[in-house]
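Trainee: Could you take me through the salt bridges in this model? I would like a close look at how the charged side chains pair up.

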Amino acid sequence: MTFWVLIFIVALLIAAFLCFTLLRNRRAEKPAAAYDLEVYREQLAGVDKDLARGVIGEADAERVRTEISRRILAADENLKKGGAASGPSRAVSIVSVVVIALILIGGAMALYDRIGAVGLPDMPLTARLELAEDVRANRPPQNAAEQLATPPQPAQLDESYAALLKQLRDTVANRPNDLQGQMLLAQHETNAGNFKAGYTAQQKVIELSGDAATADAYADLAEMMILAAGGYVSPEAEQALTEALNRDPRHGPARYYWGQMLAQVGRPDLAYRMWVQTLQDAPSDAPWAGAIRAQLDELAFRAGVFNAPDLSAAPGPSQDDVNAAAELTPEERQEMIQGMVNQLSDRLATEGGAPEEWARLIAALGVLGQGQRAIDIHKEAMQVFAGNSEALEILDAAALQAGIAQ
């Protein structure tokens, strides 16, 4: 209520100021005909002065006096006819006042009611961070999320595939400790849209694998849980993602879903950083990289990032490139790396890039033994990101890695 009172008073003061301007008495102002009379009288006095100095003759002076006198009479006549009455009438002014007041007061309050956050209290950064932590700690578990989510539509299976899936279920039920059978069951239940049955089988896979369970196994478990909950990352799915990232901190799908979890609990800033780093390391044909690109602009807006780097076509070596590099001689491999470094350098020089890309170039030049070039690139990057403390820290770390730190 205090906020509404304040904006009402401010709008009322502005409306009152404009209304005073419209309704104030203008009769004290001189009409245009009065100004004309003053000018003509000054001109008439000037004729006498010119005649006294001998600038004009008596005949010319008389003719000019006659013309000025005629104009004086005309201006005086206009003044007597009520030339002072000018501007809108009082009724028009009053109507204008009412319209202005309605627009300023009613319009402002209606606009805020539509696009503002009515009733939302002040939320400083500390309170928002605490709220995000509270949401993360107390969000619904997997079972509750599945009950609230829209049930997924099962895939339409042809008769032969449905029969094979039923046979697989029966076989795995008779041999519950068959690791290969559980893996197949998890895969095919998920393909059929039975996500709960899929992650139940995947949990059995991880249990049978023991310490040998891979990051892919935990990431697949998390994905199945998320699909079963309609895209919601539950605490159980978060735990599976944690296990996957503990085994492989650069696991792309796990990092994608971890960023999705951060966005859901109110930390779009951390989610944006996670996704940008993931996208920079992603192969160009990775399906989760496409999912990140499709949502990155919206996430950047939520995170308050308005100068986001263009990562729509982030370069990355394909598997064919990796295989080809393994067959090269050391000299050829060194030449290929040098070409990739030069390509990255040219792109940063012409198009710019994220601080992580500059840091990658600096570190690569240090590995190649091109210390002076790494120093020059580091100086240029420091100028590009001057005032950005986070970027400067990344660049300093790269300089230390390259062995060029002062």
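Mentor: Glu238 and Arg139 are both buried. This is a predicted model. Glu238 forms a salt bridge with Arg139, and their closest N and O atoms are 2.5 Å apart. Glu238 sits in helix H11 (residues 235–247), while Arg139 is in the loop between helix H5 (125–138) and helix H6 (142–148), so this pair ties together parts that are 99 residues apart in sequence. Side chains of opposite charge can pair when their charged atoms come close.

The structure holds 16 salt bridges in total. Now take a network: salt bridges link Asp48, Glu62 and Arg65. Start with Asp48. Its salt bridge partner is Arg65, with the closest N and O atoms 3.0 Å apart. Asp48 belongs to helix H2 (residues 32–53) and Arg65 to helix H3 (residues 58–80), so the pair ties together parts 17 residues apart in sequence. Asp48 counts as partly exposed because its relative accessibility is 39%.

Arg65 also forms a salt bridge with Glu62. There the closest N and O atoms are 3.3 Å apart. Glu62 has 43% relative accessibility, so Glu62 counts as partly exposed.

Glu238 and Arg139 are buried.

Notes: Residues numbered from 1 in each chain as written. Predicted model: local features only at pLDDT ≥ 70, side-chain atom pairs only at ≥ 80, totals over all residues. Heavy atoms only, no water. Salt bridge = Lys/Arg side-chain N within 4 Å of Asp/Glu carboxyl O. Helix = DSSP H or I, 4+ residues; strand = E, 2+ residues; numbered from the N terminus. Buried < 20%, exposed > 50% of the residue type's maximum accessible area, 1.4 Å probe, protein only.
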